[in-house]
Amino acid sequence: MTQNSSVYARLRDRLSVTPMGAPQGDDFIEILEMLFTPEEAEFSLVLPFLPAPLSDIARAAGMSVPDARRILDSIADKGLGFLIDYNEDSYGMLADVVPGIYEFPIMKGTLDIDYDRLKELWRRYHMNGWGGDEEPLGGPIPMGRILPVETTLASSSVVLDRDLSLIHI
């Protein structure tokens with residue numbers, strides 16, 4: 001681990017509140033070190049998990065809006081967060097671990113990192129941090145699951161005339 005590990009440990013703690021969590025482990029710290037610069041990691045400590053106005057994020061980070069935009073743009077470009085321009089405003093948010101930080105940087109495939117090393121770290125982290133095959137992804141309740149409901153839906157078909165169908169388009 002590097003001398004900047006404390007910011008990455010704090011970022012791991014911040015990410016631990018997401019649905020998939022971020023169990024402690026050196027592998028995850030190394031993953032964060034590969035993906036986030038120290039400046040991005042520090043900035044991510046104030047990023048919300050739901051879209052928030054960039055001006056609010058900049059204020060929380062103690063920096064100007066242009067500086068916050070520059071850092072958030074880099075984070076979003078890596079697939080680690082989101083920068084959303086809507087109408088006249090900009091919004092930002094941090095990605096969850098899964099889905100998010102786990103997949104998006106790999107899907108982009110454009111980072112200047114050792115993807116083989118990243119893949120190995122995620123594999124080890126899955127086995128050691130999230131419980132591996134013992135209890136998939138570490139929790140008693142999986143993030144996505146099907147809940148069977150014994151309800152029968154009535155089936156019917158109706159042919160709508162043209163005017164009535166335009167209402168539903």
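**Salt bridges and the rest**

Reply: Nine salt bridges are present in the structure, counting a side-chain nitrogen of Lys or Arg within 4 Å of a carboxyl oxygen of Asp or Glu. This is a predicted model, where local features need pLDDT of at least 70, side-chain atom pairs count only at pLDDT 80 or more, and totals for chains, interfaces and linings use all residues. Residues are numbered from 1 along each chain as its sequence is written, and side-chain values use heavy atoms, with hydrogens and water left out.

Me: OK, which residue does Lys78 form a salt bridge with?

Reply: Glu40, with the closest N and O atoms 2.6 Å apart. Lys78 sits in the loop between α5 and β2 and Glu40 in helix α3, so the pair ties together parts 38 residues apart in sequence. Helices (H or I, at least four residues) and strands (E, at least two) are DSSP runs, numbered from the N terminus.

Me: And is Glu40 buried or exposed?

Reply: Glu40 counts as buried, at 4% relative accessibility. Lys78 counts as buried too, at 15%. The cut-offs are under 20% relative accessible area for buried and over 50% for exposed, with partly exposed in between (1.4 Å probe, protein chains only).

Me: Where are Glu42 and Arg10, the other pair I was looking at?

Reply: Glu42 is in helix α3 and Arg10 in helix α1, 32 residues apart. Their side chains meet in a salt bridge at 2.8 Å, N to O. Glu42 is partly exposed at 40% relative accessible area, and Arg10 is partly exposed at 37%.

Me: What about Arg70?

Reply: Arg70 meets Glu39 in a salt bridge, 3.1 Å from N to O. That pair links helix α5, which holds Arg70, to helix α3, which holds Glu39, across 31 residues.

Me: Switching topic. How many helices and strands are in the chain?

Reply: Eight helices and three strands. Along the sequence the pattern runs α-α-α-β-α-α-β-β-α-α-α.

Me: Which residues touch the most other members of the largest nonpolar core?

Reply: Leu15, Phe28 and Phe36, in a core of 36 residues. A nonpolar core here is a set of buried Ala, Val, Leu, Ile, Met, Phe, Trp, Tyr and Cys residues joined through side-chain atoms within 4.5 Å. Helix α2 (26-35) is one of the elements that supply at least two residues of this core. The largest share, five residues, comes from α2.

Me: What does Leu15 touch?

Reply: Leaving out residues up to four places away in sequence, its contacts (heavy atoms within 4.5 Å) include Phe28, Leu32, Phe49 and Ile101.

Me: Which residues form the aromatic cluster?

Reply: Phe28, Tyr102, Trp122 and Tyr125. Rings of Phe, Tyr and Trp (its six-membered ring) pair if their centres lie within 6.5 Å; planes under 30 degrees apart count as stacked, over 60 as edge-to-face and the rest as tilted. That gives five aromatic pairs. Tyr102 and Trp122 have ring centres 4.9 Å apart and planes at 85°, so they are edge-to-face. Tyr102 is in the loop between β3 (89-94) and α6 (104-108) and Trp122 in helix α7, so this pair ties together parts 20 residues apart in sequence.

Me: Is Trp122 buried or exposed?

Reply: Trp122 counts as buried, at 3% relative accessibility, while Tyr102 is partly exposed at 35%.
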